[in-house]
Each structure stands twice: as C-alpha cells, then as structure tokens.
Amino acid sequence: MHQPDRYAAFLFDMDGTILTSIAAAERVWARWAERHGLDVERFLPTIHGKRAVDTVAAQRLDGVDVEREADWVLEAEMDDTAGIEAAGGVAAFLASLPEDRWALVTSAPRRLAIRRMQAAGLPVPGLVVAAEDVVNGKPAPDGFLMAAERLGVAIESCLVFEDSLAGIAAAEAAGAAVLVITGFQHNHVATRHPSARNYEALRTSVDADGSLRLVGADAGAGGEVPEG
C-alpha cells in the first residue's frame, strides 16, 4: 500500500500500540463478565480498541445502567496497573518527536490513560483525545479527526499508529495513513497496511518545514491485528 513520504503529525493509539495493559484490562473485564454471566473466553477478544461504555452497551444486558457499569470498570482499572509496560523503543521514539507534532487518541477515559502512561514510564503529550472527548468511539473516526483539527493539520497528512481492528477502521474512515504495531498481539489477521513489531527499528527525521519522515517500517502489506 502506498504511504506518503512525509507527515504533518503522528497520532498514537495507546493500549497495544505504545504500551500494553492488556493483562490488567483483561483481569478487570473478566471479573465484570463473570458478574454478568457472560462467557469470558468469548467476550474478552471483543474489548480491545473500544470505549468501555460501547463494550458494555454492546452486551445488551437487561436492567443494566451502562454508564454505572463503565464507571465500575474504570475504577477497577485505575486500581490495577500490574504488568503495564511500554513497547520496545517507544520512549526514545516519542522523545524524538516535536511536542506539537504528536497526540494520543485513546478509547480509555483520560484519567485512566494518564495513569497507564505514567505506569509505563511514558510522557503524556500536550494533546490527549480520550473516550469522553468524542460522541462516537472507535471504529468511528471522530477521535482522529479531532486530534488533527486541534493540532492544526489535515488528517490526510497524518500517520496513525494502531493495533486493533476498531482503531484501524477509525483511522481509515478518517482518511489517515496507518502503521500497524504488532508486538503485543496474538491471534492475528492480516491487514493491508505497513507494520512494525515495535519502535526499536523506527526512526524519525524532521524536515526544515517541520514535516516528519519515518523509516524502518515494513512497507509491505501484512501487518497483523487481533480479530476481536
């Protein structure tokens, strides 16, 4: 798939892309699913890349207050940061970027996103588009469109770093280029986008006009993401 040579900004998903809190998230969501009599093994693959309110609502449980249940999940996740770690090479990669040329676009609520970034030892950027900032979460494009607008760049000139099908669909719908980060995922399916396992082989250079160039990604199709 053809990718642009230069980008105005980089937009990063969080979980599964620049850090992993998958084990912590799945511990919490497994407890939630058990409370509601769901098949945990079938349910857990569906949670990735989506807002908690959307995941809860999708279960269509009778008599359930979606917002209250999402709040329960949030507080449980705030208390469980065991095993959260950064992707290989990502700290140095983020440090190489101009502060006004990257943003975090996450399905997590802002409080949880900041907590997990701190737990992973990663910097919180000046712009974070979190779950509560958009009406429609991923796979809708709203978060990426908002990030580009607030950075003052065209979404078509942005590169999105993602790991999940919901996130990739959101980036595609927004009109951005996509790089799939595969290192944290299991049970993958192929995509048409370039990929990288982590950030250890990725490098960025900044042109005189502020444009970003990326080297080190696999330019062929075949990035892999979880089916859930």
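**Exposed loops, packed helices and aromatic rings**

Glycine 152 counts as exposed, because its relative accessibility is 64% (buried means under 20% relative accessible area, exposed over 50%, partly exposed in between, with a 1.4 Å probe and protein chains only). This is a predicted model, in which local features need pLDDT of at least 70 and side-chain atom pairs count only at pLDDT 80 or more, while totals for chains, interfaces and linings use all residues. Residues are numbered from 1 along each chain as its sequence is written, and side-chain values use heavy atoms, with hydrogens and water left out.

Stay with glycine 152 for a moment. It sits in the loop between α7 (142-151) and β6 (158-162) (helices, H or I of at least four residues, and strands, E of at least two, are DSSP runs numbered from the N terminus). Aspartate 100 is 52 residues away along the chain, yet the two C-alpha atoms are separated by 9.5 Å.

Now turn to helix α1 (residues 22-35). Tryptophan 29 and tryptophan 32 both belong to α1, three residues apart, about one turn of the helix. Tryptophan 29 counts as buried because its relative accessibility is 5%. Tryptophan 32 is also buried, since its relative accessible area is 0%.

Aromatic pairs come next. Rings of Phe, Tyr and Trp (its six-membered ring) pair if their centres lie within 6.5 Å; planes under 30 degrees apart are stacked, over 60 edge-to-face, and the rest tilted. The model has 14 aromatic pairs by this rule. One of them joins tryptophan 29 to tryptophan 32: it is edge-to-face, 5.4 Å centre to centre, with 75° between the planes. Elsewhere, Tyr7, Phe10, Phe12, Phe93, Trp102, Phe161 and Tyr199 make up one aromatic cluster.

The two tryptophans also take part in a helix contact. From α1, Ala25, Val28, Trp29, Arg31, Trp32 and Arg35 meet Glu69, Trp72, Val73, Ala76 and Glu77 of α4 (contact means heavy atoms within 4.5 Å). By class, seven of the residues in this contact are nonpolar, none polar and four charged (Ala, Val, Leu, Ile, Met, Phe, Trp, Tyr, Cys and Pro are nonpolar; Asp, Glu, Lys and Arg are charged; the others, Gly among them, are polar).

How do α1 and α4 (residues 66-79) pack? Their angle is about 140° and their axes are 9 Å apart (axes are lines fitted to C-alpha atoms, for helices over the stretch in contact; angles run from 0 to 180 degrees between N-to-C directions). Arginine 35 lies over the face of tryptophan 72, 4.5 Å from the ring centre (NZ of Lys or CZ of Arg must be within 6 Å of the ring centre and within 35 degrees of the ring normal).

The loop between α3 (52-58) and α4 contains arginine 60. Arginine 60 is not a glycine, but has a positive phi of about 50°. It counts as exposed because its relative accessibility is 72%.

Helix α5 (residues 90-95) includes alanine 92. Alanine 92 is exposed, as its relative accessible area of 57% shows. Threonine 20 lies 72 residues from alanine 92 in sequence and 17 Å from it in space, C-alpha to C-alpha.

Finish at helix α8 (residues 165-174). Its buried residues are Ala166, Gly167, Ile168, Ala170, Ala171 and Ala174. Just after α8, glycine 175 adopts a positive phi of about 100°.
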